[in-house]
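We'll start with the whole thing and then zoom in on a few spots.

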Amino acid sequence: MLRRLYDWTMSLASGPRAPVALGAVSFAESSFFPIPPDILLIPMVIARRARAFSYALLCTVTSVLGGALGYAIGALLFVQLARPILGFYGYLDKFEAFSANFNEYGAWIVFIAGITPFPYKVITIASGATDLNLLVFMVASVLARGLRFFAVAGLLYLFGPPIRHFIEQRLGLVFTVFVVGLVGGFIAIRYL
């Protein structure tokens, strides 16, 4: 069953609609979708190594655009919905202090979240909610997301054939490690 799923994923990853799906997932992940684009980027690069850097560029551009949507969600919906609730419960002053601290280190927070597995959408929305300077947000996003996606694509480009051979020979082990890592990541995010 895993072999059929792997073969199906690889055929989709090399198909003509794969870049559209990659761009859509990358855009959505930066503002509201829980699944990272690496889930598509990795098999796409393994399937078509020559396109590794164009896929990384696509991920970077669409992720930053999705981050701008997340910023807008934080800026527009936070003011209309959350601010009155915070004021009603007397927490508006605490949020103002949080905003000042967030904005002091905002570029670093956006950069670190952009290259790590931390849910980037949380930071994009928080950046809008705290009125982080939009230019600072965009520059940090471009640098972080570019570094992340080009690093993944570059490593797969360099080591692609051995990685593909390893995956195909040990598919059950790779799948188990991936699922344990994915579930462990969600648990860590939830409780840390």
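Of the 192 residues in the chain, 34% are buried. Keep in mind that this is a predicted model.

As for secondary structure, you're looking at nine helices and zero strands. Walk along the sequence and the pattern reads α-α-α-α-α-α-α-α-α. Take the contacts between residues at least 6 apart in sequence: 78% of them link residues that are at least 24 apart.

| Helix | Residues |
|---|---|
| α2 | residues 18-29 |
| α3 | residues 38-47 |
| α7 | residues 120-129 |

How do α2 and α3 sit relative to one another? Their axes come within 9 Å and cross at roughly 150°. Angles over 145 degrees count as roughly antiparallel, so α2 is roughly antiparallel to α3. The crossing of this pair is left-handed. On the α2 side, the contact is made by Ala 18, Pro 19, Ala 21, Leu 22 and Val 25, while α3 puts in Leu 40, Leu 41 and Met 44. Sort those by class and you get eight nonpolar residues, no polar ones and no charged ones.

**A buried glutamate**

Helix α2 also holds Glu 29. Is Glu 29 buried or exposed? Its relative accessibility is 4%, and the cut-off for buried is under 20%, so Glu 29 counts as buried. What does Glu 29 touch, once you set aside its neighbours within four places in sequence? The list runs Ile 35, Pro 36, Pro 37, Ser 63, Tyr 120, Lys 121 and Arg 145.

**The mostly covered α7**

Tyr 120 and Lys 121, both contacts of Glu 29, are also among the buried residues of α7. That helix is mostly covered, with eight of its 10 residues buried. Besides Tyr 120 and Lys 121, the buried set takes in Ile 123, Thr 124, Ala 126, Ser 127, Gly 128 and Ala 129. After α7 comes Asp 131, which has a positive phi, near 60°.

Conventions
Residues numbered from 1 in each chain as written. Predicted model: local features only at pLDDT ≥ 70, side-chain atom pairs only at ≥ 80, totals over all residues. Heavy atoms only, no water. Axes fitted to C-alpha atoms, helices over the stretch in contact; angles between N-to-C directions. Helix = DSSP H or I, 4+ residues; strand = E, 2+ residues; numbered from the N terminus. Parallel < 35°, antiparallel > 145°, perpendicular 65-115°, else oblique. Left-handed = near helix turned anticlockwise from the far one by under 90°. Contact = heavy atoms within 4.5 Å. Nonpolar A, V, L, I, M, F, W, Y, C, P; charged D, E, K, R; others polar. Buried < 20%, exposed > 50% of the residue type's maximum accessible area, 1.4 Å probe, protein only.
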